Amino acid sequence: MFLRRVARPLMMMAKMKETTGIVGLDVVPNAREVLIGLYTKTLDEIKTVPEDEGYRKAVESFTRHRLKVCQEEEDWEAIEKKLGCGQVEELIEEAQDELKLIGHMIEWNPWGIPDDYECEVIENDAPVPKHIPLHRPGPLPEEFYKTLEAIETGTLKQAISSSKKDDPEITSGESQAK
């Protein structure tokens with residue numbers, strides 16, 4: 001009986017999340033601890049990626065920031081507010097996905113290009129080899145060039161005002177066709 005009287009108010013003081021509001025995403029009651037563990041593991045695993053790679057630098061940067069916030073804040077609401085990246089349950093999914101990606105990146109080794117690798121460079125006017133698809137955008141509409149010319153010559157306001165004169169004006173007495 002005594003424990004119920006003491007424990008119930010303490011339980012009421014702790015903010016318990018009832019739902020994430022996202023179908024299929026369950027509430028994680030110890031989200032802060034889970035995030036700290038995932039971010040620590042991420043920082044350990046990313047060390048296998050070469051130090052000068054942009055991927056490693058980016059992952060280390062945002063993971064350190066998120067880990068610091070999780071260590072400083074006790075409350076899940078404060079963590080969500082301070083990070084501004086969604087709910088803690090979504091952050092857990094992101095951290096798990098990042099760990100999987102790190103494993104794939106280590107396996108794929110995209111930074112392991114040999115020093116003697118030569119890349120084929122195609123200059124602007126050079127003919128494109130047949131094995132490379134040619135994707136060139138079509139011509140822009142004529143209105144674009146007219147507008148561009150009006151901007152360059154400083155007659156844009158004049159062009160706009162003349163186009164407004166071509167449109168019939170509607171007075172307050174006339175009804176609009178919808």
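Helices α4 and α5 pack at an angle of about 65°, and their axes lie 9 Å apart. Helix α4 is therefore roughly perpendicular to α5, a label given to angles of 65 to 115 degrees, with angles under 35 degrees counted as roughly parallel, those over 145 as roughly antiparallel and the rest as oblique. Axes are lines fitted to C-alpha atoms, for helices over the stretch in contact, and angles run from 0 to 180 degrees between N-to-C directions. The contact (heavy atoms within 4.5 Å) is made by W76, I79, E80 and L83 of α4 together with V88, E89 and L91 of α5. By class, these residues divide into five nonpolar, no polar and two charged; Ala, Val, Leu, Ile, Met, Phe, Trp, Tyr, Cys and Pro count as nonpolar, Asp, Glu, Lys and Arg as charged, and the others, Gly among them, as polar.

The model is predicted: local features need pLDDT of at least 70, side-chain atom pairs count only at pLDDT 80 or more, and totals for chains, interfaces and linings use all residues. Residues are numbered from 1 along each chain as its sequence is written, and side-chain values use heavy atoms, with hydrogens and water left out.

The chain contains seven helices and zero strands, where helices (H or I, at least four residues) and strands (E, at least two) are DSSP runs numbered from the N terminus. Of the 178 residues in the chain, 21% are buried; buried means under 20% relative accessible area, exposed over 50% and partly exposed in between (1.4 Å probe, protein chains only). Among contacts in the chain with a separation of 6 or more, 57% are between residues 24 or more positions apart.

Helix α4 (residues 76–83) also packs with helix α3 (residues 54–72), the two axes coming within 9 Å and crossing at roughly 150°. Helix α3 is therefore roughly antiparallel to α4. The contact involves H65, R66, V69, C70 and E72 of α3, and I79, K82 and L83 of α4. Four nonpolar, one polar and three charged residues make up this contact.

The loop between α4 and α5 includes G86 and Q87. G86 is partly exposed, with a relative accessible area of 32%, whereas Q87 is buried, at 17%. Leaving aside neighbours within four places in sequence, G86 is in contact with E80 and L91, and Q87 with K17, T20, I22 and E80.

The end C-alpha atoms of α5 are 30 Å apart, in agreement with the 30 Å that its 21 residues should span at 1.5 Å a residue; the expected span is 1.5 Å times one less than the number of residues. Within α5, the residues V88, E89, L91, I92, A95, E98, L99, I102 and M105 are buried, and the buried residues of this helix pack against α2, α3 and α4. Helix α5 is followed by N109, whose phi is positive, near 55°.

Helix α2 (residues 31–45) has 15 residues and reaches 21 Å from its first C-alpha to its last, close to the expected 21 Å. Its buried residues are A31, R32, L35, I36, L38, Y39, T42 and L43. The elements covering the buried residues of α2 include α3, α4 and α5 (88–108).
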